[in-house]
Amino acid sequence: MTPRLKAILIEHGPPIFSTQNYYPHDENNRYFSNKWFFRKLTNGEQVRRQWLMYSVSKNKLFCFLCILFCTTNCAFVSGFDDWQHLNPRLPDHEINLLHKQNCIKWKELEKRLLDDKTINCEVQKMFKNEKEKWRNILKIIVDIIMFCSRNNLALRGHSEKILDSKKGIFHDLIELISHYNPILKENLIALNEGKSKISYFSPTIQNEFIELMGKTVSTKILEIIKKSKYYAILFDSTPDFSHKEQLSQIIRYVQISNNKVTDEERFIDFIETKEKTGTGLASDIVDKLQVDDLNINNCRGQTHSLNLVGVHAAETSPAMITFFGSVKKIFVFFSSSTSRWNMLKNVINVTLKKYSDTRWSSKKQAISALHTNIISIAMILKQMRDTTNMNYDTIDGCNKILRLIDLKFLCLLNIWNKILTHIDKINKSLQTKDITIDMASKMLNEKRRHKIKRMNGEEAIDDVATFVHDKIKNDFYMAVDSILSNIKWRFKRTTILSNDFEFLCGSKLSSMDFDEIKKWTNDLAIKYDKDLNEFELCSEMEYFKHQASALMTNFKMAAPIDLLKFIHKQNLQDIYPNI
């Protein structure tokens with residue numbers, strides 16, 4: 001260990017002790033515990049063992065002082081992992097004479113470094129100036145990376161050279177800031193003249209900063225989630241560009257800060273997974289929650305995707321699969337040629353939409369654009385087919401597309417436009433930040449009967465049904481049955497949960513007497529006996545109803561989240577902790 005490295009380590013000091021709750025078990029099921037970071041005195045007081053370090057990668061204990069100053073090897077220099085004999089080996093080490101001498105050496109050198117009174121103090125000053133220079137440059141690099149990340153900008157270009165015209169945004173910004181920062185400018189001049197080879201501008205450094213910042217953000221979010229205690233999860237599986245299956249992890253929770261209550265939904269991570277079975281995905285999810293130190297018992301909800309309802313419905317029969325294939329073929333026919341696309345856009349001012357198999361909002365946009373303009377599209381296809389200067393591929397393509405637009409296609413286009421419009425409307429409402437489980441349940445159970453306004457030249461669905469072939473009707477009924485059964489199955493639990501908590505709103509509380517409220521609270525406390533105290537909750541509800549109705553201006557319209565906001569705004573948490 002060089003004197004310079006020793007000085008750097010002493011300046012930084014020993015690392016903060018590990019706060020992880022889980023440590024690997026050995027073959028005898030013994031493991032390290034956080035309690036060993038503290039020394040218990042005779043009078044019961046605890047003193048932090050600053051010298052003790054735990055290595056996660058090696059699963060061993062080390063002595064910071066002896067690593068720095070010991071000339072001979074010992075167990076706490078090479079790494080100690082005999083958990084069975086931590087007592088007395090660890091206490092013996094800290095009362096060892098050599099260890100105490102190393103402690104004195106550590107503190108003396110630390111003081112000399114602070115006072116610039118070491119033998120090589122001039123060298124140390126030079127190192128300090130160099131350190132400040134690079135700290136200044138690294139701050140600029142971090143700011144540039146954060147700026148690019150916030151604005152969703154790619155950092156790299158075709159070249160990694162500062163003076164190259166094909167350099168990316170990152171190097172462009174480095175050059176721009178150097179005009180106003182003498183330290184950065186001096187470094188760039190030294191690089192260009194070959195006097196320096198160190199820049200910290202490489203993609204490796206950029207990626208390292210991005211990873212560090214990402215970890216910092218996710219760690220902060222996870223700390224808030226743990227403080228909030230209860231949470232809901234959304235793990236959505238989708239392949240990435242390298243065709244690897246990955247789960248995106250999103251967590252929803254209620255954050256209370258400075259007596260302000262907000263619903264939060266945060267992206268946490270991507271998880272690569274090789275499993276597609278329910279058991280395999282569940283195992284990956286549980287493992288990830290354990291890594292994040294989130295207690296699975298506090299997970300009180302998992303979201304269901306309304307998109308999957310549409311996905312299953314679109315695969316109920318060959319006719320449905322063929323229909324969506326035809327929609328894609330129409331888009332590909334026009335979009336694969338600039339002349340066809342321009343004709344579509346300029347002649348009838350229509351822009352078709354591309355759709356994704358998994359994003360049903362894009363599918364709705366594609367179907368709606370086609371449904372609105374199908375007559376105009378058919379007319380332009382005939383016009384292109386009959387134009388003499390068109391090439392064979394275009395004429396042949398027009399004929400094939402026109403054959404696709406038959407009665408079955410038009411019926412399914414009309415039906416799917418109505419289905420997807422309704423699914424998309426509900427889906428967008430369910431994705432709003434302030435949606436609550438009671439509101440979601442009402443939306444999913446909503447039954448509407450309304451007359452469809454007839455468009456010019458369009459027959460009512462009942463009239464069409466009289467001459468549509470039985471096969472088309474059967475395919476349609478299969479799709480609708482799939483949608484209804486999937487919604488009922490996927491969101492059954494949502495309705496049950498909503499019913500359990502529905503009394504916790506202003507409209508219910510204001511209309512119920514105390515005996516009714518007591519029945520609801522007792523039932524809820526029985527279901528959640530590990531979270532709620534039945535007697536305390538009933539007692540709180542008796543007074544809460546009267547206080548909330550007296551102090552809240554819009555009590556009868558209050559949703560559960562409004563009651564929670566009221567409790568924290570009025571600082572009533574200690575009076576109504578169970579509520």
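# Briefing on the predicted model

E11 and K131 form a salt bridge in which the closest N and O atoms are 3.1 Å apart. This pair connects distant parts of the chain, since E11 belongs to helix α1 (residues 3-12) and K131 to helix α6 (residues 121-150), 120 residues apart. The structure is a predicted model, with a chain average pLDDT of 84 and 91% of the residues scoring at least 70. The largest nonpolar core comprises 42 residues, and a second, separate core has 27 residues.

**Salt bridges**

- A search of the whole structure finds 19 salt bridges.
- Side chains of opposite charge can pair when their charged atoms come close.
- In the pair that joins α1 to α6, E11 is partly exposed because its relative accessibility is 36%. K131 is likewise assigned to the partly exposed class, at 30% relative accessibility.
- Within helix α5 (residues 97-115), K107 and E110 lie three residues apart, about one turn of the helix. Their side chains meet in a salt bridge with an N to O distance of 3.3 Å.
- K107 has a relative accessible area of 38% and is therefore partly exposed; E110, with 23%, is also partly exposed.
- A further salt bridge brings together the side chains of E175 and K167, at 3.2 Å from N to O. Here E175 is partly exposed, with a relative accessible area of 26%, whereas K167 counts as buried at 11% relative accessibility.
- A network of salt bridges links R39, R49 and E94.

**Nonpolar cores**

- Among the 42 residues of the largest core, those with the most contacts inside it are F323, F334, L352, L370, L381, F409 and W416.
- Helices α11 (307-313), α12 (318-335), α13 (338-348), α14 (360-386), α15 (392-404), α16 (407-430) and α19 (470-490) each supply at least two residues of this core.
- Leaving aside residues up to four places away in sequence, F409 touches F323, S326, V327, I330, L370, I374 and L404.

- T273 is located in the loop between β7 (260-272) and α10 (278-291). It counts as buried because its relative accessibility is 4%, below the 20% limit for that class.
- The side chain of T273 makes a polar contact of 2.5 Å with the side chain of D284.
- Residues up to four places away in sequence excluded, T273 touches E245, Q246, L247, L281 and D284.

**Cysteines**

- The count of disulfides comes to zero.
- C70 is buried, with a relative accessible area of 17%. C398 also counts as buried, at 0% relative accessibility.

**Backbone geometry**

- The peptide bond that joins N87 and P88 is cis, with omega at about 25°. P88 is part of helix α4 (residues 86-94).
- N59 has a positive phi, near 55°, although the residue is not glycine. N59 is found in the loop between β3 (52-55) and β4 (60-63), and it is buried, with a relative accessible area of 17%.
- N259 is another non-glycine residue with a positive phi, of about 65°. The loop between β6 (245-257) and β7 holds N259, which is partly exposed at a relative accessible area of 29%.

**A loop residue and a distant sequence position**

- E315 lies in the loop between α11 and α12. E315 is exposed, with a relative accessible area of 52%.
- In sequence, E315 and M478 are 163 residues apart; in space, their C-alpha atoms are 9.8 Å apart.

**Confidence**

- Over residues 448-455, pLDDT stays under 50. For this segment the model has six contacts beyond four places in sequence.

Conventions
Residues are numbered from 1 along each chain as its sequence is written. This is a predicted model: local features need pLDDT of at least 70, side-chain atom pairs count only at pLDDT 80 or more; totals for chains, interfaces and linings use all residues. Side-chain values use heavy atoms; hydrogens and water are left out. A nonpolar core is a set of buried Ala, Val, Leu, Ile, Met, Phe, Trp, Tyr and Cys residues joined through side-chain atoms within 4.5 Å. Buried means under 20% relative accessible area, exposed over 50%, partly exposed in between (1.4 Å probe, protein chains only). Helices (H or I, at least four residues) and strands (E, at least two) are DSSP runs, numbered from the N terminus. Contact means heavy atoms within 4.5 Å. A polar contact is a pair of N or O atoms within 3.5 Å; within protein, one must be able to donate a hydrogen and the other to accept it, and residues adjacent in sequence count only if both atoms are side-chain atoms. A salt bridge is a side-chain nitrogen of Lys or Arg within 4 Å of a carboxyl oxygen of Asp or Glu. A disulfide is a pair of cysteine sulfur atoms within 2.5 Å. pLDDT is the predictor's confidence in each residue, from 0 to 100.
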